[in-house]
Structures are given as structure tokens and as C-alpha cells.
Amino acid sequence: MSDTSGLITPALVDLHLAPQDKSEALRALAQRLVAEGRVTDLDGFLADVAAREAQAPTGMGDGIGIPHCRSPHVTRPSVAFGRSARGVDFDAPDGRPADLIFMIAAPAGADDAHLRILAALAGRLMDPAFTGALRDAESPGAVAALVNGEEPPVAAAPEPAAVAESPDPESPDPETPAPETPAPETAAPETADADAGLRLVAVTSCPTGIAHTYMAAKALELAAARAGVRIQVETQGSAGTTPLAPEVIAAADAVIFAHDVEVRDRARFAGKPTVDVGVKAAVNRADDLIAQAAGLVAETGSGARAAAAPVAAPSAPSALSGTTGEHWAQRLRKYLMTGVSYMIPFVAAGGLLIALAFAIGGYQIAAAPSVLGHFDWTSSHSWAAMLFQTGKTSFGFLVPVLSGYIAWAIADRAALAAGIAGGAVSVAVGAGFLGGIVSGLAAGFLVLWMIRWNVPRAIRGIMPVVVIPLLSVAAVGFLMFVVVGSPIASAMGGLTDWLNGLSGSNAILLGVLLGAMMAFDMGGPLNKVAYTFAAGALTAAGTTPDAGSLKVMAAVMAAGMTPPLGMALATVVRRRLFTPEERENGKAAWVLGASFITEGAIPFAAADPLRVIPANMVGSMTAGGLVMAFGSTLRAPHGGIWVLPLIGSPFLYLVAVVAGTVVTTGVVVVLKGMRRPAVPAAPDAVRSGAELELVGA
């Protein structure tokens, strides 16, 4: 019996799926999982699926949709399958509706063996024989047998003469016919006859690590086979990773990175011609990527293999740019947000400790002497001083960490030293977080350029640990001390004075503007710009209890809480204007909004953007403006109502959030009420025949 036995049963197969839209298709398949005991909470599981759908479309093209997620509501790895005659729109790149829909459900704590099973299935979805057999299957039992590997697909297409060498993610699945395909080769040292022809290596990874990672790997293998190219692929997914052997990397002519999350140990591939794209690019146009890699090899000549000495390095994010499908502005935003994300824990820890110190010892605790040698275990004043001084020390790391991890996002581990040193210099010269951004970008791009130097083999081994840090730290230090440090310090001083001096209409207008940005795309670029501005300005607050930057942070958080809370309230006061799925999303939106997770409003905006987005913006503008008018402050960069005791003027802050929520609700109800209701005015119990059948099963 196959290792995938039990992944799907005939009861999890619907050969006559006829939903009106994607949400109905997801609910119908999820209900089958619930009926079989594979999912314990239908709404919770659908919320997890929707969160994954919000990250990126799961339509793969060629009529395949693979909604999937990890969820604590899943009891065992499972697949529900639906076949739709008219197709369901999953936003596939080719625009083709999906007639084959695989809902892949993985437990939050699934073990490696189970995840390998799901990875094997994802790989098989790239096999036309497998998908063709599913389209021809006449019974749910036949589909279950195919997916479980108990019945091989018929009319399998013969393999081309050149067989790709990548370790096959299907290897745990014994359904692959052994006589026609040799066993996958391991990454063994290269032999003399292996030098003939183009040799490539690749790495694939995606946020969930269940489907796209392995589909991209399989697509690259098949494309390489068609092109007569040798390739080995490292899948950095949930089923575990087997790193490519150093000698395999050294022998490769070029590398393909197909990823939506960081590529671990990226420095191993330094010096190789690189194609760098998102993971779905490999799924949808693998042949183009193989050709692109071949073109890079032709441009760089025949010395690519010798140029790569195996290098061990820690994990690093996706930023060494070869050929990339991302716009430069998207990459720049990714670099900045990487630095901010690593800075936030220091902001949170330092800010909360300082706030607690003020709560215990009053604002005068800032003038307390060092607790080193002056600590009294029985004195609340000593404990407050200790909390304050620890928080202040944590704050001292903000700019160096911001700068260091911006550089790390661009150019890997070798850029950390220059980035952190540049951030420290920025603090020393008074350039603050603006200087940290400049030093991080400068360090990252400088090191990125240095990594590509074609240096003699004798010194290649010490480049990332000695030569690059030495030269880059010196260069960035010169830049910050001598060239740009003073002008940036002046600009930073002006920004700090402006924020601290905000009052009246100026402060309210800033709050309104930040509120509009927070609500426009609910977690997108404008939202992140507003949040990054607030979190960065927070570093300039120092120990001043009523600094303007603390008011900015409070306004941004209130504006970010309002959209999901407003949508949640609207689903309660005017249920008839929302679909059953939206009403269920409204229940989750209460918690998401209260926790400052603006993305909780995305499902509503996706379904009706022309009405929901303007309503969100008006409500968030109201909340942001009121917070600035009330003078509420916030030192923590996140937390929602859970950090309410640490908010200055908490009652007025809540008034602002409630006002913004009510305004959002009122506007969306008015706008939606100007058209026909989204659902018939029938009781909730009236459902489609398919739903009734499933509920009764």
C-alpha cells in the first residue's frame, strides 16, 4: 500500500462541484473535510484558508487550483478534491478557471513524513498524465486511488532522453513506474562525463512550504529535461530540506532561485550567474527560466563552474539580485520592511519596559542613578530604575539593528557588519533612524557589488569573513562620518522637533493622512509606509513621555484597528447586506481588529472594493485625527487593546477607535444599501442542494 494511503477518501471527492464562486467552492470542500473528521472547526479552517489566499492567488494555470493552508483545526494531512464543469476562478496567471480543485489541509504540527506526502502530491500536479487521469476519472473511488498512489495514471507521456537529476519530491511515493524512470540520483561528486552540457542548480521555496515549493521544483525538472539540461533542485519547504552538496554547487554553471521567502544559506551560491524570481514564475514559465539561465551562462563564459568554491553561511533573505521579476520599488520596500521587522522587538521590549518604569516610579525615574551598585531589592524605585535603564539600553540597539538587517536583506551575512556599524555611527552623529536606513542601503548594495568580484581562488575563502567586512565597514563609516551623517542628522533633528511640536490642526491633519494610508490597502505598501514612519519615529521619542512621535504611533494603531472592527460591526447591524461567508469573517474580524491586524478587513474589501475601501478610509481618518486631537500616546509598536494600560489618555483613545468604527460601519452600510443586497433575504438555513446534502451526511 502507498505511503499516501488515506490522504483522500471517496467521501472527500466531489466530481460535480457547481459553486457560484471561489468562496462557495472552498466551503463545499471544507465541509467534506469536516464531515470526515479531518477538520474540527469549519469557520476557523476557512479563515486560515482565506488568510493563505490573501497572500497570493492559488490558481496555478492549466485548470488547476490548489487552495491550501496549515491550520490547528486540521486533525491529519488531507486532501479534498472537486471537479467543476464550468470552472472556478482562482486568479490563475493564464486566466483559465480551475476545473480541478485540490484543497490541501495540513495540521499546524504535522510531522515530516506527512508533509512529504503532501509535497509528493504537489509535485504530481505538474504531470499532465496525472491531471489528465483525474479529468477522465468516472468515480470518486478512482480519484482517491489516483491521489493516494494506489492506481497509476494511464497513458503516461514518455520521458525525454535527457533526464533531470533533481532529487524528486515524489520519491516517497511508490506510484511512479520504476521500469521507465531510473531512481533519482543523489548529489554525488561530479565525474568526468558529467561535464558535458549545461548544469544548473535551483532552490524553490514559498510561504506555506506545502504546494508551490514542490510544484516549482517539478516544473523546473521537466523543463530541464525538455531542454536537455542537467538540474538539481533544493526544495526549502515544510517537508524538510536536503541541501545541495557543495561539490554539486561548485560544478553548476548557473543557479535559479524561485522563492517568495528567504533562501537559506544563499552565500553557497556566490559568484554564480543567477536567475532570481518568485516561486510562481517557475511553476508557470519554467522553460523561460531554463533558457534565461542558459543565456546568462553564455554571457559570462565557461568559467562559471570554477568560480564557485563551496561556502558555508547562515540563512539569509531573498535579496541577491540576479535576474528578477520584481520591480525595483518592490525590492526596496522588501529590504526596508526586513530591517523594520527585526527592529520591532527591540522597540516593543524597550518601549514597554520604559512605560512600566514610568508607571511604577513616575517620569522622574529617567534621572535615577545607574542601578549598578545602587539596587535595593525592597525598593520599588530601584525596580523602576532597573526597568527604565534596561529599556533605554534596548532602545540603543534600534538603529544598528535596522541598518544591519536592511543590509542583510540585500546582500546576505557579509553585509551585517557594515550595516550594524553604519547604524551605530548614525546614532553617534545624531542621524537616527533616517541615517540607519541610508547606512543599511549603502552597506547592502556595496557588499552586493563586492560579492560579485571575480577574485583569485586563493583569497575567495576569506572574502566573506575578512575582506568584505573590512572594506565595507571602512567605506560605510567614511560615508556616515564625513559625507552624509551631518545633513541627515539635521534632517532628523528637524523631523523630531516637528513631531514634538505638533499641535492643533497640524497634528489632526497628520493623523487623518496616516489614517487614510493605513486603511487604503490594509497591510499593503501604503499601510506599511505609514506604519514604518510611525515605528521609525518611535525611535526618536527617547524618554519624553508626551513626544509627538508617541502620538503618531497611537494614531497609526487606532487607524489600523478601525477597518476590521467597522466591518465586523456592519455584519451585525445589517446582516442582509453581507454574504454568509462575510458574516462568518465578521466574527473573526472582531478579534483581528482589536489586536491591530488591519488585514482582517481584506476579505470584505476583496469582495466589494469600491464600497468597502472608501468606508475604511473615512473611518480610519476619523480615528487617526481624533487620537492626534486628544493627544493620546503609545510607546509600544503593536498590541491593540492588549497594551491599553500603556496608552496615554486610554479612555479618549478608545473613544477615537469607537468613533472610527462607527463611521466605517455607517459609511459601508449606506454605500452597500444603495445597491441590491448581496444575498437574498432568505433565512440562513436556505442553502444549495449540495450544501444540504453535505450537512445531512
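Throughout this tour, two residues are in contact when heavy atoms of theirs lie within 4.5 Å. The model is a predicted one, in which local features need pLDDT of at least 70 and side-chain atom pairs count only at pLDDT 80 or more, while totals for chains, interfaces and linings use all residues. Residues are numbered from 1 along each chain as its sequence is written, and side-chain values use heavy atoms, with hydrogens and water left out.

**The whole chain**

Start with a cartoon view, where 24 helices and 13 strands can be traced; these are DSSP runs numbered from the N terminus, with H or I for helices of at least four residues and E for strands of at least two. Of the 697 residues, 53% are buried, a term that stands for under 20% relative accessible area, with exposed meaning over 50% and partly exposed the range in between (1.4 Å probe, protein chains only). Among contacts between residues at least 6 apart in sequence, 75% join residues at least 24 apart. The protein exposes about 28400 Å², of which carbon and sulfur atoms supply 63%; the areas come from the Shrake-Rupley method with a 1.4 Å probe, and for residues only the protein chains shown count as cover.

Select Ser205, which lies in strand S7 (residues 199-205). Is Ser205 buried or exposed? Ser205 counts as buried because its relative accessibility is 1%. Leaving out residues up to four places away in sequence, Ser205 touches Thr213, Gln236, Ala258, His259, Asp260, Val261, Glu262 and Val279.

**Salt bridges**

Next, display the charged side chains; a salt bridge here is a side-chain nitrogen of Lys or Arg within 4 Å of a carboxyl oxygen of Asp or Glu, and by this rule the count comes to five. One of them joins Arg268 to Glu234, with the closest N and O atoms 3.0 Å apart. Arg268 belongs to the loop between strand S9 (254-259) and strand S10 (274-277) and Glu234 to strand S8 (residues 230-235), so this pair ties together parts that are 34 residues apart in sequence. Arg268 is buried at 9% relative accessible area, and Glu234 is buried at 2%.

Move on to Arg226 and Asp287, a salt bridge whose closest N and O atoms are 2.9 Å apart. This pair links distant parts of the chain, since Arg226 sits in helix H6 (residues 212-227) and Asp287 in helix H9 (residues 286-300), 61 residues apart. Asp287 is partly exposed, at 39% relative accessibility.

Then select Arg27 and Asp43, whose salt bridge has its closest N and O atoms 3.7 Å apart. Arg27 is in helix H1 (residues 22-35) and Asp43 in helix H2 (residues 42-55), so the pair ties together parts that are 16 residues apart in sequence. At 16% relative accessibility Arg27 counts as buried, whereas Asp43, at 32%, counts as partly exposed.

**Nonpolar cores**

Now turn to the interior, where a nonpolar core is a set of buried Ala, Val, Leu, Ile, Met, Phe, Trp, Tyr and Cys residues joined through side-chain atoms within 4.5 Å. The largest core has 75 residues, and those with the most contacts inside it are Phe45 and Phe102. Select Phe102 and its contacts beyond four places in sequence, which include Ile64, Pro67, Phe81, Leu125, Leu134 and Val147. A second, separate core of 59 residues includes Ala407, Ala559, Val643 and Tyr653.

**Gly639**

Go to Gly639, in the loop between strand S12 (633-634) and strand S13 (647-648). Gly639 is buried, with a relative accessible area of 16%. Gly639 and Phe596 are 43 residues apart in sequence, yet their C-alpha atoms are 6.2 Å apart in space. Apart from residues up to four places away in sequence, Gly639 touches Met557, Ala594, Ser595 and Phe596.

The rings of Phe375 and Trp383 have centres 5.0 Å apart and planes at 80°, so the pair is edge-to-face. Trp449 and Trp453 also form an edge-to-face pair, 5.1 Å centre to centre with 90° between the planes. Trp449 is exposed at 52% relative accessibility, while Trp453 is partly exposed at 31%.

Methods:
Rings of Phe, Tyr and Trp (its six-membered ring) pair if their centres lie within 6.5 Å; planes under 30 degrees apart count as stacked, over 60 as edge-to-face and the rest as tilted.
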